[in-house]
Amino acid sequence: MRYTRRDFGKLTFGALPAAALLNRPVHTFAADAKPDSVIAGVHISTITYSYRSMPDQSAEAILRYVVNSGINAIEFMGGPVEAFAGAPRDPAQRSTWRTTVSMDRFKALRKMFNDAGVTIYAWKQLAPTMSDAEMDYVFNVAEALGCTHTTLELLDDDAQLKRIGTCAQKHKIYAAYHTHLQGSMTAFDRAFAVSKYNMANVDLGHYVAAGGDPIQFLNKFHDRVASFHLKDRQTPTHGQGNLAWGTGDTPLREILQLVKKNRWTMPVAIEPEYDVPPGSDAVKEVAKCLAYCRQALA
């Protein structure tokens, strides 16, 4: 299934919400029909990084973007989460804040999103440079938000992989490692070996750009994939570009159909990284990607 950029722009399944809705008070979303991005049993989601080009990066604005994209589940980038909870702007003060802050604001954030029909299944803030107390904080926030896992970049330090896996097991919340061009059939071996609470948050678009076969990866490691990112990239031979969905080399339809066929329930996160075309914005582009998923899964 391949489309031109013009075809991709025409993909619509239901009218997009009016632009004026972006300025509505967040609490009014609770009275509306909830977004539903579970398609044929496949849990389509997005990472909030998808909205990085939007002008307002507050948690309230991000909720509007998500709902107006038609998405009902997210991996939340850490910055807006901590800002909502009142984190100090000075990084030097943030470590102390993290180890003393109440979970009440994070629970309020979860409620705000849940009331609008959006589940937060992961948040991305964990880092190996954190103290043990800060790591506990990350997992405590994950619990307060209702997450099944936290995400971070893949490490190659066995001691840190074990340390993080041990903390994840203590909190009974997975640590899922994200990949860029280092993704491969062996990239996660060390993480998986040291803890059953170490999982994959593999990016299958980047995987293609690295020359790998995402179908082979999913067939072998699906039970260790907490969630995965999806974008359309080119193979190394074709230049590794990020393209509009349906115009690159990522076997998007085949990946989605594989998840459907096997009834896997891990979230599939839309993450467009191609340039937003003139006259559009990130909200509309995520909605187009969701429309692509609907057609691919029909």
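## Terms and model

Buried means under 20% relative accessible area, exposed over 50%, and partly exposed in between (1.4 Å probe, protein chains only). This is a predicted model: local features need pLDDT of at least 70, side-chain atom pairs count only at pLDDT 80 or more, and totals for chains, interfaces and linings use all residues. Residues are numbered from 1 along each chain as its sequence is written, and side-chain values use heavy atoms, with hydrogens and water left out.

## Salt bridges

The structure holds eleven salt bridges (a side-chain nitrogen of Lys or Arg within 4 Å of a carboxyl oxygen of Asp or Glu).

Aspartate 158 pairs with arginine 190, with the closest N and O atoms 2.8 Å apart. Aspartate 158 lies in helix H7 (residues 158–171) and arginine 190 in helix H8 (residues 189–194), so the bridge ties together parts 32 residues apart in sequence (helices are DSSP runs of H or I, at least four residues, and strands of E, at least two, numbered from the N terminus). Aspartate 158 is partly exposed at 39% relative accessibility. Arginine 190 is partly exposed at 42%.

Arginine 98 and glutamate 134 form a salt bridge at 3.0 Å, N to O. Arginine 98 sits in helix H4 (residues 91–98) and glutamate 134 in helix H6 (residues 132–145), 36 residues apart. Arginine 98 is buried at 12% relative accessibility. Glutamate 134 is buried at 7%.

## A network

Asp203, Lys231, Glu271 and Glu273 are linked in a network of salt bridges. Within the bridge of lysine 231 with glutamate 273, the closest N and O atoms are 3.0 Å apart. Lysine 231 is buried at 1% relative accessibility. Glutamate 273 is partly exposed at 24%.
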